[in-house]
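Work through the two exercises below with the structure open beside you. Try each task before reading its solution.

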Amino acid sequence: MSKVSIVYWSGTGNTEAMANMIAEGVKEAGKEADVLPVSIASVADLQAASAFALGCPSMGVEQLEEAEMEPFMCELESGISGKQVGLFGSYGWGDGEWMRDWAERMKNAGAVLLREEGIITNDAPEDDMLEELKAAGQELAQKA
């Protein structure tokens, strides 16, 4: 069975909840989901995969979390050309600039994004967002 990695950083649990909903979609599509905090994820495993998801909430002045996710991304981005990547995250302020910047960064590195500007939610994901996350997981599973 093919496995789809869903790597995330979460401060309040909202982005983790999003990761788990993507995993539900992956499982519904008949694949195995590997939901991992970025602190234990392997850059090499993602670079060897054809499709995966990355999640991080907006931090500071709309940026990725700096201690774990940003260093992970710096290492990962040199090996993601041609990979199918789903981006997701939550925010409590702003307008999603961090996700637009992240999506642009991934496209510049050659990734093929599952959603053009990622999937974002203000605070905790609600019912309509949960369905979108599951649908994204199903799409990722088909590309893995």
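The exercises cover a helix pair and a cavity in this predicted model.

**Exercise 1. Describe how helix H3 and helix H4 pack.**

Solution. 
- Step 1: Recall what to look for. Two packed helices are described by the angle between their axes and the distance between the axes.
- Step 2: Locate the pair. H3 covers residues 69-76, and H4 covers residues 97-108.
- Step 3: Take the two values. The angle is about 20°, and the axes lie 11 Å apart.
- Step 4: Classify the angle. Angles under 35 degrees count as roughly parallel. H3 and H4 are therefore roughly parallel to each other.
- Step 5: H3 and H4 make a left-handed crossing.
- Step 6: Name the contact residues. H3 contributes Glu70, Met73 and Cys74, while H4 contributes Trp102, Arg105 and Met106.
- Step 7: Sort them by class. The contact of H3 with H4 has four nonpolar residues, two charged ones and no polar ones.

**Exercise 2. Find the largest cavity and describe its lining.**

Solution. 
- Step 1: Search the whole structure. One cavity of 30 Å³ or more turns up.
- Step 2: Give the volume. The largest cavity holds about 50 Å³ of space.
- Step 3: Pick out lining residues. Among them are Ile22, Ala53, Leu114, Arg115 and Ile119. Val85, Gly86 and Leu87 also line the largest cavity, as do Ala136 and Leu140.
- Step 4: Assign elements. Strand S4 (84-91) and helix H5 (127-143) each supply at least two lining residues. S4 gives the largest share, three residues.
- Step 5: Sort by class. The lining of the largest cavity has eight nonpolar, two polar and one charged residue.

Definitions and conventions: Residues are numbered from 1 along each chain as its sequence is written. This is a predicted model: local features need pLDDT of at least 70, side-chain atom pairs count only at pLDDT 80 or more; totals for chains, interfaces and linings use all residues. Side-chain values use heavy atoms; hydrogens and water are left out. Axes are lines fitted to C-alpha atoms, for helices over the stretch in contact, and angles run from 0 to 180 degrees between N-to-C directions. Helices (H or I, at least four residues) and strands (E, at least two) are DSSP runs, numbered from the N terminus. Angles under 35 degrees count as roughly parallel, over 145 as roughly antiparallel, 65 to 115 as roughly perpendicular and the rest as oblique. A crossing is left-handed if the near helix is turned anticlockwise from the far one by less than a right angle, and right-handed if clockwise. Contact means heavy atoms within 4.5 Å. Ala, Val, Leu, Ile, Met, Phe, Trp, Tyr, Cys and Pro count as nonpolar, Asp, Glu, Lys and Arg as charged, and the others, Gly among them, as polar. On a 1 Å grid over the protein atoms alone, a cavity is a set of points where a 1.4 Å probe fits but cannot get out, and a pocket is an open set with protein on both sides within 12 Å along at least five of seven lines; lining residues have an atom within 4 Å of a point. Grid points are joined across faces, edges and corners, and a volume is the space filled by probe spheres set on the points.
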